[in-house]
Amino acid sequence: MEETIEDPPTSAVLLDHCHFSQVIFNSVEKFYVPGGDITCRYTLTQHFIPRRKDWIGIFRVGWKTTREYYTFMWVTLPVDLNSESAKQEEVQFKAYYLPKDDEYYQFCYVDQDGVVRGASIPFQFCPENEEDILVVTTQGEVEEIEEHNKELCKENQELKDSCVSLQKQNSEMQTELQKKQEELETLKSVNKKLEQKMKEQKDCWETELLQLKEQNQKMSSENEKMGVRVDHLQAQLSTQEKKIEKLVQEVQDKTEQLEHLKKENGQLFLSLTEQKEHQKKLEQTVEEMKQKETAAVKKQQELTDQNLDLSKRLSENKILYDGLQREKETMQKKNELLKSENNRLLSYMGLNYDSLPYQAPTSSQGGARQNPGLVYGNPYSGIQESSAPDLLSIEPCPTCTADFADDIFDHTLEQHKPALYLNCPICGKTFPAKEKQIFEDHVFCHAL
């Protein structure tokens, strides 16, 4: 249910915007017995059309907005909404939802826009024998009752003023109705004028019909002339048909040529498909060559790393060789000193090498001879014999000028040789290390 805030019903401003005379409440009692259902009867005037969301509420006297209802009931729509006569309707309020105090209340009809369309006289909820009960009140209560009576009288006067205002509205509506009737008479006169105009229009149409008949006769004569024209056009048509036959023959020839071109196109498409397949195979081959090239580059990188490692080890061996060579020179110097000392001792003792009963044996490995001047031999000959072979057994690389000691010759030379050659990872062809650019060009040719 929609509700709208309004001014009090007794206000003059509110009366200008509401229409209390459109719904009239009938048979409203001054008192209703509490605890029982009550029936509210009302009459809808002929100028008011009820709607589905209209409702009737019980309001305490003095209410200011339609939101201040105590309880309400939805109205029932009349069976014949188009009837222009007044309609008698009723709703029933259940006792459970009725007020329990003795304040003054009234019925109000509110439409679905929240506008009050009718209000009843005030009533109370009192027991039946309330008038027979002797009520003893104090002076204060009497004053309150008198004050309340004054307020009721004031509200009664306001209701009378409201009634006068409603009568004024009724007269205004009567005036408006008279205006509508005058407008209706005006519309009737306009209707007559339109009928007269239609009659004149009909006469005009008859005149135009005669003119159209005359034009039809003229068109018939022109139609005969057009017949002659049609014969001439038919002769031209036969000529055009012959031309069309020639064009059809040409179209057939073009169609045959088109079919031939389609066949050639199909063959070209098949050839293109084969070329695409061959291209795919070539792309796969190129991809495989790229993979092999990647593997070759990776292997080349490994060989380069091995070459660097061997170069490092060669540098270390060369350093070791230089150290041993220096040690050999030192030992040779010491041996010379010992020889000179031995000769000096022999000369001091008056002996020579040939007169000694003991001859120092020669080394089976081709080492240095022992000093013949010593009776028991050179005490350092063992050191020389053990170290000399190591110092003198140096073998060169058969390919380059690098030297290797005898004990590390085989192992180092095997690692040294791969660094001197570059092997193709695809065909196995060998290139010298100094021809690295030629080797790279060779590998790149395999990828093409």
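Strands (E, at least two residues) and helices (H or I, at least four) are taken as DSSP runs and numbered from the N terminus. The model is predicted, so that local features need pLDDT of at least 70 and side-chain atom pairs count only at pLDDT 80 or more, whereas totals for chains, interfaces and linings use all residues. Residues are numbered from 1 along each chain as its sequence is written, and side-chain values use heavy atoms, without hydrogens and water.

Glutamine 124 belongs to strand 9 (residues 124-125). With a relative accessible area of 11%, glutamine 124 is buried (under 20%; exposed, over 50%; partly exposed in between; 1.4 Å probe, protein chains only). A polar atom of its side chain lies 2.7 Å from the backbone oxygen of aspartate 102. Beyond neighbours within four places in sequence, the contacts of glutamine 124 (heavy atoms within 4.5 Å) are Lys30, Phe31, Tyr32, Asp102, Glu103 and Tyr104.

Three strands form an open sheet in the order 1-3-6, with antiparallel pairing (at least two DSSP bridges between two strands). Strand 1 (23-26) and strand 6 (87-93) each have a single partner strand and stand at the edges, so one side of each lacks a neighbour in the sheet. Strand 1 and strand 3 (residues 38-44) run antiparallel and are joined by four bridges; isoleucine 24 stands opposite threonine 43 in strand 3.

As to cysteines, zero disulfides are found in the whole structure (a pair of cysteine sulfur atoms within 2.5 Å). Cysteine 108 is buried at 0% relative accessibility, whereas cysteine 153 is exposed, with a relative accessible area of 52%.

Technical notes:
A polar contact is a pair of N or O atoms within 3.5 Å; within protein, one must be able to donate a hydrogen and the other to accept it, and residues adjacent in sequence count only if both atoms are side-chain atoms.
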